[in-house]
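Subject: Structure for you to look at

Hello,

I am passing on the structure we talked about.

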Amino acid sequence: MKRLLLAAITVAALSNNAMAQKSDFNYNVDRFADIEVLRYRVPGFEQLSLKQKQLIYYLTEAALQGRDILTDQNCRYNLQVRQTLEAIYSGYNGNRNDPNFIGLEKYLKQVWFANGIHHHYSMDKFKPEFTQDFFNAQARQVKKRLPLEKGQSVDDFIKVIDRVIFDPTFMAKRVNQADGQDLILTSANNLYEGVTQKEVEDYFNALKDPNDPQPVMYGLNTKVVKEKGKVVEKPYKVGGLYSKAITKIVYWLKLASGVAENEGQRDYINKLIEFYTTGSLKTFDEYSIAWAKETKSDIDFINGFIESYGDPLGMTGSWEGMVNFRNNDASHRTQLISQNAQWFENNSPVDPRFKKPNVTGVSAKVITTAILAGDAYPATPIGINLPNSNWIRAAHGSKSVTLENITDAYNEAAKGTGFNEEFAYSDTEVQLMKRYLTLADKLHTDLHECLGHASGQLLPGVDQDALKAYGATLEEGRADLFALYYLADPKLVELGIFPDGETYKAEYYKYIMNGLLTQLTRIEPGKDIEESHMRNRKFVSQWALEKGKDDNVIEIVKRNGKTYVKINDYAKLRNLFGQLLAEVQRIKSEGDYEAGRQLVENYGVKVDPVIHQEILKRYQGLNITPYKGFVNPRYTAVKDNKGNITDVKISYDENYIEQMLRYSRDYSPLTK
Ligand code: ZN
């Protein structure tokens, strides 16, 4: 639950730094539906040593081999749908301007982007813009390439896929968070089968020992199913579920272990291999500890079952991969923050009982991303803080990273869109954001990741899953509030990170404008807010609006039929953030489910339909896509005649379709 996503596409027209010089690198790759696909650069790769390049190469191969795992976790029909569409797309020799073919191509691009048939953010099923007749005729054309199940006829196969693609009521939502429903039965993901929410909760409650000070991450790497009337877990491991993919991952990790930068890194790579081989969650904890403690190496990576947003109960990890290396220049900023971690913890407005007496090992660095995979691809976070286990974070610390080359690519692509000019209250706010937002945004990410998630502690005996379906939203809210509170602290100017006491206002304004208004651009008319980060930004902003009403801290202003937010008192807004931080920390520390539920349901879910319509209309006029993601660079190993790697080349010439088809061809161990 420790990742930060881009708040919204608000960063525009940066003027005060090196990025102002428009580079000739081509950031824009493709555009379809509500998506824009970008490309990121990997500055500094060429300067790495040969051994480091080899390590990155092996790790990127290990990352790409996991792609099918995530696709299958998202829905059990996803791989079949993807294979069928790819077979049709590649074998098609009809008119490529036929609206049906155009619709099929768009749908396939969406399926690739979301790693399945449900939108990566809204979790709703995509609506196909091609007819069932067209699809059926085309599928029969490539019937030899259809991924039939054992004993299944072509007709039966097509019937099943027809329902999956064309029946909007069948598997309608990947992750359902609606209060009061059976969240397992109503979610289309493939993490559970044949079990109810109550059965799953009973099963795990029986496993958990409330007095265990070092609980494992229950359910993290398993599918829960019913066998002979009994609820059982099926582990993802070599010899278990996803064995073919995990075996390949392990193969590349072993090669990586051979060229590790130091002993500590070799240790954690070997622990990860052991975890993938045994499926033991105790081993996963040992891996996480070894990983969190190893901070000397330049190169680092994530490869495993990590974040649990894909599970309505927040337990099973979605497979994810990412490889990166340290950006030494930019890491100075995050080092300053983490060196002062205890000061921030001691001075927060939180009840002392919920504070960490000793903040351990918050290591923070700015990194250059080398590859994105699984749940981080093509849509990616801009900051990550791991591990997720609460007791490990408390006892051994955590690692926090800011993906600066990704943020820079977003910023480059967002230049000159006119977004802030449309939505900000006046030129004062536009200029404020122009001047300070790049820096303030980076600091928000740093504080959210390095300090926010790492702060605070649970009271003894409180279950780390006590907040259930509201846990992720409240945790993101807590980290955001910690960041917001401290952005306005004179300490940041004292440390030389902010140039002056005005800088934070740019982030405050953007945050409130986004939370109350502009993030609605990501929601379809008539829908509530569901995604955890969006709920978090809404409840924080809405709560501040309502609690600050008497003092007129935030004002909603109508002008020429358009709605704006105006912040009248930034200092009081900071106090409100402090109060809410104290309350959210109390909820987490005490495991107060009911208070957490009320906070999210009362302030974080509902949408005003009239304002929503207005925002959507204004946004459409700007012609920007609400979601962005990335294609990866391509790495090629140069070998001598004995097969030894003598260099690794990086290239940026692949387009979106080429990359997706290549990945399906070369990195698809579960479909062969
Ligand atoms: Zn976060």
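The chain is divided into domain 1 (3-66 + 241-629), domain 2 (76-184) and domain 3 (192-235); these bounds come from an automatic or database domain assignment. The model is predicted, so local features need pLDDT of at least 70 and side-chain atom pairs count only at pLDDT 80 or more, while totals for chains, interfaces and linings use all residues. Residues are numbered from 1 along each chain as its sequence is written, and side-chain values use heavy atoms, with hydrogens and water left out.

Domains 1 and 2

The C-alpha centres of domain 1 and domain 2 are 32 Å apart. Contact, meaning heavy atoms within 4.5 Å, involves 32 residues of domain 1 and 19 residues of domain 2. Between them the two domains bury about 2100 Å², of which 57% is on carbon and sulfur atoms. Buried area here is the accessible area (1.4 Å probe) that two parts lose on being put together, summed over both. On the domain 1 side, Phe-32, Pro-312 and Glu-530 lose the most area to domain 2, and together they make up 25% of what that side buries.

The zinc site

Which residues coordinate the zinc ion? They are His-448 (NE2), His-453 (NE2) and Glu-476 (OE), at 2.1 Å. Donors are N, O and S atoms within 2.8 Å of the metal (3.2 Å for Na, K and Ca); water is not among the atoms, so the site may look incomplete. Along the chain the donors of the zinc ion are spaced as H-x4-H-x22-E. Accessibility is sorted into three classes: buried is under 20% relative accessible area, exposed is over 50%, and partly exposed is in between (1.4 Å probe, protein chains only). His-448 counts as buried because its relative accessibility is 0%, and His-453 counts as buried at 2%.

The three-stranded sheet

Helices (H or I, at least four residues) and strands (E, at least two) are DSSP runs, numbered from the N terminus. Two strands pair if DSSP finds at least two bridges between them. An open sheet is formed by three strands in the order E2-E3-E14, with mixed pairing. Strand E2 (28-32) and strand E14 (627-631) are at the edges with a single partner strand each, so one side of each has no neighbour in the sheet. From one strand to the next the twist averages 25°. Five bridges pair strand E3 (residues 35-39) with E14 in the parallel sense, and Glu-36 is opposite Lys-628 in E14.

Ala-33 is in the loop between E2 and E3. Although not a glycine, Ala-33 has a positive phi of about 45°. Its relative accessibility is 39%, so Ala-33 counts as partly exposed.

Helix H24 (residues 656-666) lies across E2, E3 and E14 and runs at about 85° to E2. For such angles, axes are lines fitted to C-alpha atoms, for helices over the stretch in contact, and angles run from 0 to 180 degrees between N-to-C directions.

Strand E15 (residues 634-639) and strand E16 (residues 645-651) run antiparallel and are joined by six bridges. Ala-637 has Val-648 in E16 as its bridge partner. The two strands form a hairpin with five residues between them, and Gly-643 in the turn has a positive phi of about 90°.

Asp-653 is in the loop between E16 and H24. Is Asp-653 buried or exposed? With a relative accessible area of 60%, Asp-653 is exposed. Not counting residues up to four places away in sequence, Asp-653 touches Arg-39 and Glu-658.

Backbone details in other loops

Tyr-377 and Pro-378 are joined by a cis peptide bond with omega of about -10°. Pro-378 is in the loop between strand E9 (362-374) and strand E10 (383-386). Another cis peptide bond runs from Leu-386 to Pro-387, with omega near 0°, and Pro-387 is in the loop between E10 and helix H13 (390-396).

Asn-560 is in the loop between strand E12 (554-559) and strand E13 (562-567). Its phi is near 50°, a positive value in a residue other than glycine. Asn-560 counts as exposed because its relative accessibility is 77%.

Regards
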